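Subject: Structure handover

Hello,

Here is the structure I said I would pass on.

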Amino acid sequence: MRNIYIILASAGMLLSSCTEDITDYNNDPKLPTAVPPETLVANAEKNLADRITTISGTNVFRLWAQHWSQATYVDESNYLIIGRDPSQTYWTTYYNNVINDLNSAVALIEEDEILDATTKGNQLAIIETIKVYTYQHLVDLNGNIPYSESADINNLFPVYDDAETIYEDLISRISSAQATLAGGGESFGANDIFYGGDVVKWRKLANSIKLRLGMRLADFNSALASTTVSEAVNAGVFTSNDDNTIIYYESSPTTNVNPIYSLFEVDNRKEDYIAGETSVNMLMELNDPRLDDYFADNKDPYIGGPIGGNNSYANFTHLNFDIVGDPTYPGSIMDYVEVAFFQAEAIERGFIAGDAEEFYNAGITASILYYGGTQDEVDAYLAQPSVAYATASGDYKQKIGTQKWISLFNRGFEAWTEYRRLDWPELALSTQTQQEVPLRMIYPVKESAVNGANYDAASSAIGGDNLTTPLFWDVN
């Protein structure tokens with residue numbers, strides 16, 4: 001009888017417990033159930049900046065620009081990237097961790113009934129600026145990409161939009177964003193990790209992105225390029241290094257150190273990378289004062305590693321670990337160096353008025369000073385006939401392209417992209433495969449299986465999903 005009472009009592013307790021909502025146990029009281037929009041934006045900025053800043057088997061562009069070379073593991077320098085699948089990493093970061101977070105932030109901001117109209121407009125314009133930057137990066141990586149149907153959890157099979165059409169839409173979007181930001185006011189405040197909510201600086205960035213969009217089109221659609229560039233410059237682009245879009249890393253916690261430091265020092269992979277032969281030879285030939293800023297002095301004279309060769313770390317010049325070995329070294333998202341050279345070229349093409357030599361010199365100066373050089377070094381460098389704008393070899397594309405490539409050191413994606421567009425300087429064939437520098441990155445490997453019809457259509461439209469297929473704006 002006693003056992004029956006125990007069973008009945010247990011059953012009673014069980015029945016009474018069933019009246020509670022057991023889904024409450026799925027909620028962690030220590031974690032937020034809603035994320036503020038400013039947190040989503042900061043997370044998007046951090047993910048974007050880390051992906052651009054890092055060097056790895058998926059961010060290969062310092063290698064493809066031939067500023068760096070490899071020791072031991074040389075597949076990426078020989079353009080053998082199938083196993084690495086770089087595009088998948090970029091798509092995961094940009095679509096999932098940047099654009100999706102920004103879309104969620106937009107929805108929350110639009111629903112906010114307390115936020116004043118000016119601040120709300122500025123926040124939405126800043127988000128739009130980041131999204132335009134991100135989509136342009138994806139187009140310049142692959143060509144046609146998911147755009148109009150992208151980042152939609154209910155659409156697992158998005159179409160790939162035409163890259164030229166995307167560019168035109170991005171120009172329209174960034175134009176609207178900069179116009180909104182022209183009104184001034186508040187935005188995200190200290191939660192914005194790029195500019196601390198400074199609307200004036202965000203407008204300069206928006207116009208500088210518009211300048212970049214226009215200049216990418218310079219050889220493909222000069223009329224649209226000219227209009228876009230002149231509008232951007234007239235509205236106000238970067239004017240000095242003080243305007244640079246920077247992420248400032250910290251010495252701790254380990255989640256917010258420079259990702260190159262994480263790879264080199266934490267993961268102990270620093271001996272996988274060395275100075276690139278193409279870069280070292282160019283800087284030595286031009287007596288460039290940045291040689292000892294970019295690279296270590298472990299070899300006298302400097303010896304760059306052949307691109308794609310079976311190089312030994314001990315036998316070649318190393319990278320400057322004041323840059324790649326510093327957990328706090330800033331990451332650059334966009335800078336005045338890039339903007340100054342764009343304006344020099346725009347003047348030569350007749351898109352804007354001005355003195356091309358002035359902006360050419362400004363780009364070189366900004367780069368040398370950014371890396372710790374002196375004004376005396378700037379003056380001596382610019383005085384050399386091989387560097388001076390009036391006497392340097394070649395036409396304006398060669399002069400600007402060469403010096404821009406040098407100045408975009410540690411900004412591998414932009415150095416590679418500007419090389420593709422301007423075709424200067426001359427880069428080496430890979431040592432083992434004798435392949436030329438790729439003109440685009442292939443799509444994520446799994447796309448052919450999971451989104452086959454749209455992948456096939458996109459591949460056909462661009463001329464084949466190959467490293468050698470040029471992007472639409474790369475017509476030379």
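This is a predicted model: local features need pLDDT of at least 70, side-chain atom pairs count only at pLDDT 80 or more; totals for chains, interfaces and linings use all residues.

Helix pair

Helix H6 spans residues 163–181 and helix H7 spans residues 199–216; they pack with their axes 9 Å apart, at an angle of about 160°. Since angles over 145 degrees count as roughly antiparallel, H6 is therefore roughly antiparallel to H7. The crossing of H6 past H7 is left-handed. On the H6 side, the contact is made by Tyr167, Leu170, Ile171, Ile174, Ser175, Gln178 and Leu181. H7 contributes residues including Val199, Trp202, Ala206, Ile209 and Leu213. Sorted by class, this contact of H6 with H7 has 10 nonpolar, three polar and three charged residues.

Cavities

There are three cavities of 30 Å³ or more. The largest cavity holds about 240 Å³ of space. Its lining has 25 residues, and those nearest the centre are Ser332, Asp335, Phe409, Asn410 and Arg411. Among the elements that each supply at least two residues of this lining are helix H5 (117–142), strand S6 (331–334) and helix H17 (412–422). The lining of the largest cavity has 11 nonpolar, 10 polar and four charged residues.

The second largest cavity has a volume of about 40 Å³. Residues lining the second largest cavity include Thr129, Tyr133, Phe194, Trp202 and Ile209. H5 and H7 are the elements that give two or more residues to this lining. Its classes are eight nonpolar, one polar and no charged residues. Trp202 and Ile209 of H7 also take part in the contact with H6.

Regards

Notes. Residues are numbered from 1 along each chain as its sequence is written. Side-chain values use heavy atoms; hydrogens and water are left out. Axes are lines fitted to C-alpha atoms, for helices over the stretch in contact, and angles run from 0 to 180 degrees between N-to-C directions. Helices (H or I, at least four residues) and strands (E, at least two) are DSSP runs, numbered from the N terminus. Angles under 35 degrees count as roughly parallel, over 145 as roughly antiparallel, 65 to 115 as roughly perpendicular and the rest as oblique. A crossing is left-handed if the near helix is turned anticlockwise from the far one by less than a right angle, and right-handed if clockwise. Contact means heavy atoms within 4.5 Å. Ala, Val, Leu, Ile, Met, Phe, Trp, Tyr, Cys and Pro count as nonpolar, Asp, Glu, Lys and Arg as charged, and the others, Gly among them, as polar. On a 1 Å grid over the protein atoms alone, a cavity is a set of points where a 1.4 Å probe fits but cannot get out, and a pocket is an open set with protein on both sides within 12 Å along at least five of seven lines; lining residues have an atom within 4 Å of a point. Grid points are joined across faces, edges and corners, and a volume is the space filled by probe spheres set on the points.
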